[in-house]
Amino acid sequence: QVQLVESGGGLVQTGGSLRLSCAASGRTFSSYAMGWFRQAPGKEREFVATAARSGGARAYSASAKDRFTVSRDNDKNTVYLQMNSLKPEDTAVYYCAAGNWGSSPENYAYWGQGTQVTVSS
């Protein structure tokens with residue numbers, strides 16, 4: 001069992017930056033790929049980024065690539081999402097998830113409660 005708690009969301013202007021954090025409980029953090037997803041009102045949950053168990057391999061959605069960076073610290077049981085050059089269309093609830101490598105929500109068994117990111121124009 002893994003419990004995940006996100007933090008770092010908030011309100012930011014277009015072009016601004018935020019860093020989301022996701023703290024995991026348990027001793028098996030390094031056994032899981034860690035993903036970030038987001039869900040805007042009226043839309044399906046979509047993949048943002050993921051980091052492999054060791055953190056060496058990373059993958060991004062087309063909208064996140066070149067603006068967002070996922071990283072993880074296995075000693076601190078924490079995964080991060082650095083978001084730069086934010087746009088209004090990035091507004092969503094952001095979730096971290098633990099599971100198997102991939103971009104489908106079905107790959108991830110454990111989910112946090114989400115943190116709201118709002119980008120004003």
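1. The model is predicted, so local features need pLDDT of at least 70 and side-chain atom pairs count only at pLDDT 80 or more, while totals for chains, interfaces and linings use all residues. Residues are numbered from 1 along each chain as its sequence is written, and side-chain values use heavy atoms, with hydrogens and water left out.

2. The count comes to 1 disulfide, a term that stands for a pair of cysteine sulfur atoms within 2.5 Å. Cys 22 and Cys 96 form this disulfide, with their sulfur atoms 1.9 Å apart. Cys 22 belongs to strand β3 (residues 18-24) and Cys 96 to strand β9 (residues 92-99), so the pair ties together parts 74 residues apart in sequence; strands here are DSSP runs (E, at least two residues), numbered from the N terminus.

3. Asp 90, in the loop between β8 (78-83) and β9, is buried with a relative accessible area of 1%, where buried means under 20%, exposed over 50% and partly exposed in between (1.4 Å probe, protein chains only).

4. A search of the whole structure finds 6 aromatic pairs, that is, rings of Phe, Tyr and Trp (its six-membered ring) whose centres lie within 6.5 Å, with planes under 30 degrees apart counted as stacked, over 60 as edge-to-face and the rest as tilted. In one of them, Phe 37 and Tyr 108 have ring centres 5.3 Å apart and planes at 75°, so the pair is edge-to-face.

5. Phe 37 is buried at 0% relative accessible area and Tyr 108 is buried at 5%, whereas Trp 111 is partly exposed at 26%.

Terms used: Helices (H or I, at least four residues) and strands (E, at least two) are DSSP runs, numbered from the N terminus.
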